[in-house]
Amino acid sequence: MRADLPRFDPMRSAEHLRASFRFDEVVKLRESYAVLDEATIVAILEQAAAFATDTLEPLNRAMDAHGVELRGGRVHTAPGHREAWKAFVANGWPSIDHEADYGGQQLPLPLCLAVQEIFDRACPAFGMLPVPQRSAARLIAAFAAGDIKEALLPALAAGSLGATICISEAGAGSDVMQMRTRARETPDGWRISGEKCWISFGDHDLTDDIVHCVLARSDDGSATRPEISLFVVDTRVAGPDGVEVLRIEEKLGLHGSPTCTLAFDETPATLIGERGRGLAQMFVMITQMRLAVSAMGLGIACSASDVALSYARERRQGGKPGNPQPIVAHADVRRQLLELTARTELLRGLMLNIANLAELAAHVADAAERERCGALVQWFLPIAKTFGADCAFANASGAIQVLGGAGYTAEWPVEQALRDARVLSVFEGTSGIQAIDLLHRRVIRDDAGLQAFLAQARADGGETPLARCLDLLEAAASGLKAASSADQDAGATAFLELAMLASAGWVAARFMAAAGNDQASARMRGAGRYWLDRIEARAALYHAEALQGATPLVHFEAFA
Ligand SMILES: Cc1cc2nc3c(=O)[nH]c(=O)nc-3n(C[C@H](O)[C@H](O)[C@H](O)COP(=O)(O)OP(=O)(O)OC[C@H]3O[C@@H](n4cnc5c(N)ncnc54)[C@H](O)[C@@H]3O)c2cc1C
């Protein structure tokens with residue numbers, strides 16, 4: 001037995017979309033977006049909420065309980081997963097983000113991410129297949145030759161072809177340059193040999209075939225710096241024995257999502273884009289996947305805060321003897337609920353703002369504006385990925401606290417949420433790597449995104465307490481620029497915390513202007529005020545920690 005997740009009210013997302021940064025411009029960017037009046041947006045979100053409640057939420061339990069199996073060299077998904085996938089495909093959900101030229105509905109990214117939130121709120125493991133499908137499509141659209149696009153993109157949009165991102169290897173996780181998988185050019189084309197591990201949906205029974213987006217060394221092995229190129233392995237070309245599943249992992253969470261070790265042995269592959277530019281090109285896919293982690297984190301954070309809120313309204317403890325009050329009346333429970341719900345609202349606002357910026361970076365007419373929006377997306381990417389991961393885990397843990405003993409049991413969905421959420425700060429680049437990436441690539445090497453953010457947030461935040469937080473962010477950035485590399489690396493995580501605080505602060509300041517009398521707008525204003533009330537003290541702490549650098553690490557000597 002397990003208690004239900006309250007059904008998602010689509011007006012929450014609709015109101016957020018309407019209030020999000022420059023959404024009014026985004027819907028005018030392309031012809032296919034022009035149909036998106038308010039009623040159409042709400043109708044799409046309503047359909048998503050219905051599918052989530054009727055199909056995905058019951059599946060979530062089955063996927064968690066049964067997991068996946070490797071039998072006869074093939075991965076078998078949990079009972080009900082295939083039927084749910086068929087319904088997902090029949091309803092056209094895989095195609096919403098894909099280009100119209102290749103059979104997609106070509107809806108704007110913010111709406112697609114709002115839909116993803118609703119699905120992931122009900123069943124995060126289910127989303128582990130559609131995300132690489134649509135991310136692979138963007139990669140292939142950006143770099144593949146015309147015939148490859150024709151062969152792959154319509155099948156991806158139709159949901160009949162699975163997709164993976166194959167980067168990790170046993171000896172190459174964060175450090176991609178250690179990879180050993182080799183690509184060899186032959187008179188009959190490229191052949192790939194090697195093992196990739198932890199590949200999500202590396203095999204399954206939901207689609208007949210899969211396209212694997214693989215990074216491999218295309219040099220002869222003697223180069224000190226490996227030449228890494230991007231390939232696709234299409235199982236329709238490679239044949240049933242072209243990619244072998246060596247094992248699947250037993251995991252803490254996301255039991256319904258197979259995590260596979262794949263072996264390639266002289267497997268036919270197609271080079272995509274420019275030889276030696278594989279990693280740089282792969283960032284098109286990685287960018288989409290990191291934004292999707294943010295949406296997945298939001299889905300989990302939202303389910304946890306919604307369960308906590310509805311439980312707290314029902315559960316009676318404390319108050320006068322014989323007449324216990326609902327626990328939501330207690331100040332300490334309200335404090336916890338406010339933290340959970342405010343985080344969820346701010347994460348949703350941030351994710352949608354970034355999605356709008358990504359649309360503007362791709363399609364706005366003015367080249368300088370495209371560049372500015374692109375720099376903002378680059379600045380926000382590690383922030384959105386990490387904030388999504390942190391909110392998911394913190395909210396799942398916080399919801400267990402609100403539910404007390406019940407929250408720790410399998411009767412309520414929050415214990416699964418905690419297990420599912422844990423990996424978000426590990427895959428798609430750990431939080432430590434995101435922090436280093438933010439500081440080194442997006443502050444020290446080129447701070448155009450940071451400068452654009454500071455200007456925009458100062459303009460939107462005015463005299464609110466956000467102004468002081470932005471000053472501290474700027475000061476931390478210049479202090480770290482001048483610091484030793486040891487101090488930079490040691491201060492990177494605190495700097496990322498400060499950047500997340502400031503980015504959510506920007507969203508909070510914009511929320512304060514949400515004018516509607518509806519409940520969604522009231523929630524936004526409440527979340528905004530709560531965040532800004534505490535922003536200065538928290539910013540001062542992270543600023544100090546960022547600039548402390550490696551000093552506190554001397555204490556590690558005692559353990560080294
Ligand atoms: C459920 C799941 C699904 C996955 N799906 C996929 C997939 O579909 N495709 C795919 O390619 N991979 C996938 N992965 C792999 C995932 O991307 C890696 O686990 C992740 O990139 C981290 O690599 P690692 O596990 O080798 O950790 P390591 O790189 O060994 O890192 C261990 C720790 O050291 C830290 N660290 C490492 N290097 C540095 C450094 N230079 N500076 C500071 N700190 C550092 C890290 O932050 C981390 O805390 C998946 C993993 C899981 C668990």
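This is a predicted model: local features need pLDDT of at least 70, side-chain atom pairs count only at pLDDT 80 or more; totals for chains, interfaces and linings use all residues.
**A pocket and the cysteines**

User: Which residues lie nearest the centre of the second largest pocket?

Analyst: Residues are numbered from 1 along each chain as its sequence is written, and side-chain values use heavy atoms, with hydrogens and water left out. A pocket is an open set of points on a 1 Å grid over the protein atoms alone, where a 1.4 Å probe fits, with protein on both sides within 12 Å along at least five of seven lines; lining residues have an atom within 4 Å of a point. Here the lining has 31 residues, and nearest the centre are R138, V284, Q288, A358 and A362.

User: Which helix gives the most to that lining of the second largest pocket?

Analyst: Helices are DSSP runs (H or I, at least four residues) numbered from the N terminus. At least two residues each come from α6 (130-143), α9 (278-314), α10 (331-363), α11 (367-403) and α14 (431-445). The top contributor, with six residues, is α9.

User: How many disulfides does a search of the whole structure find?

Analyst: A disulfide is a pair of cysteine sulfur atoms within 2.5 Å. For C112, the nearest cysteine sulfur belongs to C302, 18 Å away; for C213, that of C166 is 7.7 Å away. The whole-structure count is zero.

User: Is C213 buried or exposed?

Analyst: Buried means under 20% relative accessible area, exposed over 50%, and partly exposed in between (1.4 Å probe, protein chains only). The relative accessibility of C213 is 0%, so C213 counts as buried.
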